[in-house]
Amino acid sequence: MKRLIRAKLAVWLIAACGALAALPAWAEPKIGVVDPQRLLEESPQGKAMLDAMRAEFAPRERTLQAQQQTLKARQDKLQKDGATMTDEQRARAEKELRDGARDFERARSEFQDDISARRNEEMSRLQKALGDEVRTYAKAQSFDVVLSTEGVVYAAPAFDITPAVLAALQARNAASPATAPPAGKPAPPPAKPQTH
């Protein structure tokens, strides 16, 4: 009985090996890893977004700085001249200082809220554009899988396609609007694509 079971098992193993040998060989998948933070920081689109935000909010920032300096000057004057002021003058100066400080804090809080809201809006738009660019690049270069470094514990540097995607973004940015490829067309490939 044991011989029969062994014989059947041997026949089954031979059949299974034969079936596996008859299957077509599967190609190794082409895998890439991209660093989204680096794309945000180093891409021409990311740099342009930061420059535009700085330019947009610089006047308000300068106004806040001037307001803060005015408050500091008033506070210094009150400390210096407080002993020689009448009670009424000192009370008025202290009230002006408190009102000015309250106005400054409110303006600073509104400024921070506006910057945060604008940054979130622009980052969302930029992340979508960069994600589209990564997908376009991955399709053009026949990648099977592209992972984000944010969710990967380890990836060999050879799998990192971030420099190639940055090169594609820079090439797209360098093209004039009349010659820029439409959004659906793949970006030109880098000089040496990664293959794995």
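This is a predicted model: local features need pLDDT of at least 70, side-chain atom pairs count only at pLDDT 80 or more; totals for chains, interfaces and linings use all residues.

User: Start with H3. How many residues does H3 have, and how far does it reach?

Analyst: Helix H3 covers residues 44–81, which is 38 residues. From first C-alpha to last it reaches 54 Å, close to the 56 Å expected at 1.5 Å a residue.

User: Where in H3 is the kink?

Analyst: At Ala58, shortly before the proline Pro59, and the kink is about 45°. Ala58 is also among the buried residues of H3, as are Phe57, Leu64 and Leu71.

User: And what covers the buried residues of H3?

Analyst: The cover includes helix H2 (36–42), H4 and helix H5 (162–174).

User: Switching to cores. Which residues touch the most other members in the largest nonpolar one?

Analyst: Leu39, Leu130, Tyr137, Ile161, Val165 and Leu169, out of 16 residues in that core. H2, H4 and H5 each supply at least two residues of this core. Apart from it lies another core, of 11 residues, with Phe57, Leu64, Leu71 and Phe104 among them.

User: What about Ser43, buried or exposed?

Analyst: Buried, because its relative accessible area is 0%, and the cut-off for buried is under 20%. Ser43 is in the loop between H2 and H3. Leaving aside residues up to four places away in sequence, Ser43 touches Arg38, Leu130, Leu166 and Leu169.

User: OK, salt bridges. How many are there?

Analyst: The count comes to 19 salt bridges. In one of them, the side chains of Arg118 and Glu56 meet at 2.9 Å, N to O. That pair links distant parts of the chain, with Arg118 in helix H4 and Glu56 in helix H3, 62 residues apart.

User: Which salt bridge does Glu133 form, and are its partners buried or exposed?

Analyst: Glu133 pairs with Arg172, the closest N and O atoms being 3.1 Å apart. Glu133 sits in helix H4 and Arg172 in helix H5, 39 residues apart. Both count as buried because Glu133 has a relative accessible area of 5% and Arg172 is at 15%, and the cut-off is under 20%.

User: Which residues do shared partners join into one network?

Analyst: Glu56, Arg118, Glu121, Glu122 and Arg125.

User: Last one: what is the phi of Ser142?

Analyst: Near 60°, a positive value in a residue other than glycine. Ser142 is in the loop between helix H4 (87–140) and strand S2 (145–148).

Key
Residues are numbered from 1 along each chain as its sequence is written. Side-chain values use heavy atoms; hydrogens and water are left out. Helices (H or I, at least four residues) and strands (E, at least two) are DSSP runs, numbered from the N terminus. The expected span of a helix is 1.5 Å times one less than its number of residues. The bend at a residue is the angle between axes fitted to the seven residues ending there and the seven starting there. Buried means under 20% relative accessible area, exposed over 50%, partly exposed in between (1.4 Å probe, protein chains only). Contact means heavy atoms within 4.5 Å. A nonpolar core is a set of buried Ala, Val, Leu, Ile, Met, Phe, Trp, Tyr and Cys residues joined through side-chain atoms within 4.5 Å. A salt bridge is a side-chain nitrogen of Lys or Arg within 4 Å of a carboxyl oxygen of Asp or Glu.
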